Amino acid sequence: MAAPGKLTRFYEFGKKIICIGRNYREHAAELGNPVPTEPLLFSKPTTAYIREGQNIQIPRGCSSLHHEVELGVVIGKTGKNIHPGRAMNHVGGYVLALDMTARDLQAKAKKKGHPWLIAKGFDTSCPVSEFIPLKMIPDPNSVQLWLKVNGATRQDGTTADMIFGIAELLSYISTYFTLEEGDLVLTGTPSGVGEVVEGDVITCGLGNLAEMSFSVENPHKRDRIQLSSVD
Ligand SMILES: O=C([O-])CC(=O)C(=O)O
Ligand SMILES: [Mg+2]
């Protein structure tokens with residue numbers, strides 16, 4: 001097992017993805033959701049990961065795909081029941097991440113009290129940047145997160161506005177799920193989430209430390225044409 005801080009430039013992704021919802025007051029408010037009193041957790045399958053060069057694919061049945069830019073924390077040391085005071089020792093580095101969300105499918109699931117798995121975990125729903133070593137982000141609780149769609153700013157926030165900080169989140173998560181080396185924790189999105197459509201280009205960044213771009217495509221267009229030709 002790599003000691004925390006020993007992870008280097010290159011990092012092999014592929015471990016589990018735990019996500020935090022509603023960790024910024026303004027984002028909870030913009031979707032009409034209550035501010036949580038304890039962290040709200042959900043997960044994405046590992047097949048959700050994509051890297052630059054691959055496209056975000058609108059999932060079947062989704063007509064409102066939303067962008068959410070987030071700071072991703074990469075676990076560098078396995079732990080269970082991690083004390084908040086020691087939680088930062090388990091951080092191996094960071095990534096810039098997108099928590100792509102089929103907002104209409106999520107709304108339907110919420111109404112029925114069903115899980116968000118499809119809305120949050122479809123293939124390509126977790127674009128990630130290159131690995132960002134620990135030393136590049138001395139204070140992860142105070143970094144700028146920004147996102148543009150076709151060059152126009154949509155999100156511009158700071159991790160200083162997180163309701164639950166990174167140490168508290170890792171401690172909370174690890175009481176239920178062993179955090180393993182290589183796992184990724186998405187820490188929630190600031191306000192400004194919104195829709196993207198086929199052909200849009202999302203560019204986002206972590207201050208000027210990291211930047212990445214992804215195009216949006218609709219692989220189900222042909223299905224729609226075939227369906228409508230049957231009508
Ligand atoms: O708005 C949501 O779907 C919850 C979430 O993922 C976030 O707050 O980052
Ligand atoms: Mg999110």
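Strands 15 and 16 make a hairpin with three residues between them, and Gly-207 in the turn has a positive phi of about 50 degrees. Helices (H or I, at least four residues) and strands (E, at least two) are DSSP runs numbered from the N terminus. This is a predicted model, where local features need pLDDT of at least 70, side-chain atom pairs count only at pLDDT 80 or more, and totals for chains, interfaces and linings use all residues. Residues are numbered from 1 along each chain as its sequence is written, and side-chain values use heavy atoms, leaving out hydrogens and water.

**Strand 16 and its partners**
- Six bridges tie strand 15 to strand 16, running antiparallel; strands count as paired if DSSP finds at least two bridges between them.
- Val-201 sits opposite Ser-215 of strand 16.
- On a parallel run, strand 4 (residues 56-57) joins strand 16 through two bridges, with Gln-57 partnered by Glu-217.
- Ala-210, Met-212, Phe-214 and Val-216 form the covered face of strand 16, while Glu-211, Ser-213, Ser-215 and Glu-217 form the uncovered one.
- In a regular strand, side chains alternate between the two faces of the sheet.

**Nonpolar cores**
- A core here is a set of buried (under 20% relative accessible area, 1.4 Å probe, protein chains only) Ala, Val, Leu, Ile, Met, Phe, Trp, Tyr and Cys residues joined through side-chain atoms within 4.5 Å.
- The largest one has 47 residues, and Leu-65, Leu-98, Leu-170 and Leu-206 have the most contacts inside it.
- Suppliers of at least two residues each include strand 15 (201-206), strand 16 (210-217) and helix 4 (166-176); helix 4 gives the most, with five.

Technical notes: Chains lettered and ligands numbered in written order. Buried < 20%, exposed > 50% of the residue type's maximum accessible area, 1.4 Å probe, protein only.
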